[in-house]
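Here are my notes on the model you asked me to look over. I went through the interfaces, then the domains, then the chains one by one.

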Amino acid sequence: MITRRNLMTTGAAGATLATLGLPLRAQEEPLKVGFIYVGPIGDGGWTYQHDQGRLAVEAEFGDRVETLYQESVPEGADAERAITQMVLAGCKLIFTTSFGFMDATVAVAEKFPDVKFEHATGYKRLDNLATYDARFYEGRAVIGTIAGRMTKTNKIGYIASYPIPEVIQGINSAFIHARKVNPDVEMVVIWAYTWFDPAKEADAAQAMIEQGVDVIMQHTDSTAPQAAAQAAGNVFTFGQASDMAEFKPVPRIASIIDNWAPYYIKRVQAVLDGTWTSTHTWGGIGDGEVVIGEITEAVPDEVRAEAEALRDAIAAGEYHPFTGPLNKQDGTPWLAEGQVATDEELVSMNFYVEGMQGQIPS
Amino acid sequence: MIILERRPAPSRLWTWATPPLAVLMTMIAGGLLFAALGKDPLTAIRTIFWDPLFGPFAGFTRPQLLIKAAPLILIATGLAFGFRAGIWNIGAEGQYILGALTGAAVGLAFYPAESRLIFPLMVLAGALGGLVWAMIPALLRVRFGTNEILVSLMLVYVASNLLAWAALGPLRNPEGLGFPGSRNLRQWASSANLELIPGTGLHWGAVAALVAVCAAYGLFARHVFGFAVRLAGQSPRAAAFAGISPSHLVIGCMGLSGALAGMAGLFEVTGPAGQISIDFAVGYGFTAIIVAFLGRLHPLGILAAGLLMALTYIGGEMAQLQLGLPAAAIQLFQGMLLFFLLAMDVLTTYRLRLKGRPAPEPSSAAAEGAR
Amino acid sequence: MNLSGISPVLLLASLMVASTPILLAALGELVAERSGVLNLGVEGMMITGAITGFAVAVATGSPWIGFVGAAAGGAALSLLFAVLVLWLRSNQVATGLALTLFGIGLAALVGQAYVGVRAPVFARLDLPVLGDLPILGPILFRHDAVVYLGLGLVAGVWWFLHRTRAGLRLRAVGENHDAAHALGYKVQLIRLGAVLFGGALAGLGGAYLSLVRVPQWTQGVTAGAGWIALAIVVFASWRPWRLLLGAWLFGGISVLQLNLQAARVPIPVEVLSMAPYVVTILVLVLISSGRGRAALAAPGSLGQPFHAAR
């Protein structure tokens, strides 16, 4: 908690700093780190995991840092105000944790060149604005492999949120690897047009199960699909964003966990050391940003071994989930034998790979 | 036993005295809540009510009050007409979205041309978009007698689906690497709705809100339309005798509120929000309904209520940030404030009296008027 | 277009479940509105019921006690509303909206301790013989008890409103409170009862989401179901059986659009997502433009404050 006194002093200092570019006060002040969240911490998913990262920063640095956060910040005008207020409250490093905060973060960063900003999942950078994201598609490759092995009906369901590159990467990655181990697999995609609506997610899972789907992946945050799968029996699911360990060992047989702690600790350390620079970081399994949660005993040993081998190969950089030969859905060639997709291609991905059925809404 | 007795006319004294009293009671109740959450109640209350206005960062937060209040006031002023006439447009949120969508679409059709005419054209398109969206419930009500509460509410959901579709489809920024959301309208000179006087928060939306308040005041006080609205609300039969067509009234009131909500959406998307995105709508249309009632459906009251709501938003955010209060506690606190304001309202139209003491019988006309 | 992948039997079965929360909440609101009180705070009462029900169920280990707790929680919140609008005569529309804000905040605050906690399992009733019937079995007889409770309550509310003296009084109060008062009915108490009933049922509807459908506590678990419930009451023109129809229609279209996607029927998703709302409007227009429009009118005193003029 901030007392009025030091709020006023840091505030005044911040204002001076902003206008004159003078250095701030001596080192004994803790570094203030701000986090802007798009949802409530209680969402149990996206925002919850970012907040776990914040807590990890506190645990790591103790008295040397002080963290501030604001939850449920709407995108747009409110975000710009919330970020500015963090600057005024004395934050020297601010993480804005949703794509929709991009333009607001840019606007504030331009006004306060001496404060460092980090924007998640975006693509606009400045000298004092870095971006970061996680290669969730690496995790999708691993659970896609498990899904391909585990399905008996050869129908895998994917509850998608919005048709944006990140989600499409995930669908393609999961599909490619499911097909690799099971050529008969087909993928059923439902676009929920929401990141979080438990009842709708439950209905979507139910609709898939009725279509004969027996393995469900999700790119939405609630555990409702897990519960629907459990009620149906004989349907497997994967935890998304958080581990969703409460549904172990079935239906949840593995999970993709967003783990922001290593990145946040690294960046805070860089500011403390004075070595922070504006970068784009796209960490994956190898960086510990994407974690595959426990693969439960419901998965046969050889499948687990296969999945873990894939995970380790990706982590070691020996294997890229998007490695040719791969064609686009309409049959046009995309990647030649052995060719690997570039990051530029991935971040703007707007097509299905060959073999996928249905269309991406646009 | 204490009973309530209707005043012959609303008390002027209490009309002015109840809002501060309600705020005071909210401070007490809210203070207890904050204390229960382990925070210093006085600091919390000061952070919410005082700091945004006079605190160390007031230079930043005061203009923000205007930015936050402007759409609320603009929408609520429009709604006040319908509500006074007994026409329930609760779908202002949808009209707000449509205004932003049509306005942005019209503007983006000219991108990247630079012209002074583009922004006014967008404002017109925004107003028209909101108007058309409001005409759906209005015409259905006039033609088929369909309940406008339901239709206008349903259209909010339709509008938010349209918004998602537009942000991902036709309005998606072609240079945005496939990410959802339109071009940034604030970074395009022809459509940018920036502060007119730097450091004041006064953008075209705020100007429009102030103009709307003045115009509504004039309409209610002097114009035949305002008279018709008031009469229809107080006594539909008298209005019918006076030759006021209920259909015209429905179309007029819904159209007006829709157009103002649409304009609010356009000013927001070209200014503070900057772009059409999936999460563009943050509930101004619903909050404006509360603002309209807090302001007692009176233009000046709405102005004050809009600013008060904005204060609790901004102050609430500051309390979250500086004191670590959860967002939920702030929401609860806002709910309390509204409850107290609404509850204290009783004192303006009723007086408390001990049972048994005689009171002058209020005339039925005055009683009717106070309703 | 290939619709063969969609089984109507399973669709109807999931429709029964999908419509239950909005059916419960709408039924309570129907009774409140029939007594002349418009409570727009359904969403707030639902989510309060969702967390109180969840908390009680976790504490006691019994979902049934949880549902009782949910009803109590919803009713408690509606009591606040009742005091404000009935005795302090605040505007019902604004108070209802404020109640939603208050309820969502309250639930989120209470719920902080329950994120990631798992609720006790609420068993499905497997009716032995009936459940094995072809077609009808899966549609009607393989649900959990709350689904049947909802259906029973529809019948109960219908019977109460249209077949009992107390129901007649409640409707009289809603139609014309001055006349009802002149007849010696206790307008305020009858309305209080109706509002509390509405709150309790909204609470049950919310708890059905947090204990059965989802089942989990997360902020925003009701995700707008309360607003849909409000819409269905008007859609049903304040008639219990039509309310059931409305809830099924709405739940059915929501489920159908997901099933169509799962069956890869090439209809644009955004059109499908809008469909429930557009169809609701269309049906409403059809009903209200038909004959017998007078029978569809809202209760005469709906939304008006009552003051005994003496």
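The numbered points below start with conventions and move on to the contacts and folds.

1. Conventions. This is a predicted model, so read it with the cut-offs in mind: local features need pLDDT of at least 70, side-chain atom pairs count only at pLDDT 80 or more, and totals for chains, interfaces and linings use all residues. Residues are numbered from 1 along each chain as its sequence is written, chains are lettered from A and ligands numbered from 1 in the order in which they are written, and side-chain values use heavy atoms, with hydrogens and water left out.

2. Chain B against chain A, extent. Chain B puts 41 residues into this contact and chain A puts in 35, where contact means heavy atoms within 4.5 Å. The two chains bury about 3,400 Å² between them, with 60% of it on carbon and sulfur atoms. Buried area here is the accessible area (1.4 Å probe) that two parts lose on being put together, summed over both. B:Phe57, B:Phe179 and B:Leu321 supply 20% of what chain B buries against chain A, more than any other three residues.

3. One salt bridge joins the side chains of B:Arg186 and A:Glu80, at 2.8 Å from N to O.

4. Which parts of chain B face chain A? Helix H4 (58-84), helix H7 (148-168) and helix H13 (299-323) of chain B each give at least two residues to that side. Helices (H or I, at least four residues) and strands (E, at least two) are DSSP runs, numbered from the N terminus. H13(B) has the largest share, with seven residues. By type, the side of chain B that touches chain A splits into 20 nonpolar, eleven polar and ten charged residues.

5. Chain C against chain B. Here the contact takes 44 residues from chain C and 42 from chain B. They bury about 3,900 Å² between them, and carbon and sulfur atoms carry 80% of it. Helix H3 (63-87), helix H4 (92-111), helix H10 (225-235) and helix H12 (269-289) of chain C are the elements giving two or more residues to the side that touches chain B. The largest share, 13 residues, comes from H4(C). That side of chain C divides into 28 nonpolar, twelve polar and four charged residues.

6. Domains of chain A. The assignment, which is automatic or from a database, gives domain 1 (4-134) and domain 2 (136-257 + 293-347). Their centres, taken over C-alpha atoms, are 33 Å apart. Eight residues of domain 1 are in contact with seven of domain 2, and the area buried between them is about 610 Å², 56% of it from carbon and sulfur atoms. A:Trp46, A:Gln49 and A:Ala134 supply 57% of the area that domain 1 buries against domain 2, more than any other three residues.

7. A salt bridge within chain A. A:Glu118 forms a salt bridge with A:Arg267, the closest N and O atoms being 2.5 Å apart. A:Glu118 lies in strand S4 (residues 116-120) and A:Arg267 in helix H9 (residues 261-273), so the pair ties together parts that are 149 residues apart in sequence. Over all chains, the salt-bridge count comes to 22.

8. Folds of chains B and C. Chain B has 16 helices and two strands, while chain C has twelve helices and zero strands. The C-alpha atoms of chain B fill a box of roughly 75 × 60 × 35 Å along the principal axes; for chain C the box is roughly 65 × 50 × 40 Å.

Terms used. A salt bridge is a side-chain nitrogen of Lys or Arg within 4 Å of a carboxyl oxygen of Asp or Glu. Ala, Val, Leu, Ile, Met, Phe, Trp, Tyr, Cys and Pro count as nonpolar, Asp, Glu, Lys and Arg as charged, and the others, Gly among them, as polar.
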